[in-house]
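Welcome! Here is a short tour for anyone meeting this structure for the first time. Please have a look at it below before reading on.

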Amino acid sequence: MNIFSFSKFSRTIKDVYKISIMRSLMNQLIEEISFKGSVLDVGGGKKSNYANIIKCDKYTSININKEIEPDILINVNEKFPLKDKQFDQCLLFNVLEHVYNWDFLFSEITRILKNGSYIHIIIPFTYPIHSSPNDYIRVTADYIELFLKEYSFDNEIISPISYGPFTNSQLIGYRHKFVNGPFSQFAVILDKLFQIFFKDKYFRYNECTPLFYYIKAKFKK
């Protein structure tokens, strides 16, 4: 998957005046996915930034932050108060960078997932440190692939996603509320031109310097 397989230039340039390029791309990506069956959203809640665009049959959320209004208020490093093998999908959107002990979290996730279910992960790579309450880690696609295999996930789709070098640079550079919107829109225009006129270089950059990864993998155990 690449950014131009799901994003729209007009939507993106409008979005970035008010929200970050990452938030815009995340929202556009999530809107394209239909999550069948029962979903456990680890790190979600009724007031998460993407709650109103999740398409699924049954939704349950876990979060440490009560302001997000999760169904279950709990730390992700605690045992989930949920029965074994009851969910068809698990979402981990902008969560793993804030979790120190991935092993415990994944032992719980694989416990509550049905055989043949799916996990969906969004994790930043080229992104400023953002404490919520802590920010621990950035990982590569190679690391993600090996880690998921250890927990019986296969058929992995690991997509590096970036709009391009100009929007990445604008995001991690100095941001000021009075000029951020126009600068972000200008960066979107530059990246679109870069993709049109230097397509091969654009996709090589995207693979090596993603803004974030989107991962989908199947649980088989």
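This is a predicted model: local features need pLDDT of at least 70, side-chain atom pairs count only at pLDDT 80 or more; totals for chains, interfaces and linings use all residues.

Residues are numbered from 1 along each chain as its sequence is written, and side-chain values use heavy atoms, leaving out hydrogens and water.

**Aromatic rings**

A pair of aromatic rings is described by the distance of the centres and the angle of the planes. Rings of Phe, Tyr and Trp (its six-membered ring) pair if their centres lie within 6.5 Å; planes under 30 degrees apart count as stacked, over 60 as edge-to-face and the rest as tilted. A search of the whole structure finds 15 such aromatic pairs. Two of them are set out here.

| Pair | Centre to centre | Angle between planes | Kind |
|---|---|---|---|
| W102 and Y143 | 5.7 Å | 75 degrees | edge-to-face |
| F194 and F198 | 6.0 Å | 40 degrees | tilted |

W102 lies in helix α3 (residues 102-112) and Y143 in helix α4 (residues 141-150), so their pair ties together parts that are 41 residues apart in sequence. Helices (H or I, at least four residues) and strands (E, at least two) are DSSP runs, numbered from the N terminus. Y143 is partly exposed, at 38% relative accessible area. In the other pair, F194 is buried at 18%, whereas F198 is partly exposed at 44%.

Ring pairs also link W102 and Y143 with F106, F147, Y151, F153 and F219 into a cluster.

**The sheet**

Two strands pair if DSSP finds at least two bridges between them. Strands β1 (residues 35-42) and β2 (residues 56-63) run parallel and are joined by 6 bridges; F35, for example, has C56 in β2 as its bridge partner.

**A buried asparagine**

Where does N180 sit? Its place is in helix α6 (residues 180-197), and N180 is buried, with a relative accessible area of 14%. Leaving aside neighbours within four places in sequence, N180 is in contact (heavy atoms within 4.5 Å) with Q170 and R175.

Notes. Buried means under 20% relative accessible area, exposed over 50%, partly exposed in between (1.4 Å probe, protein chains only).
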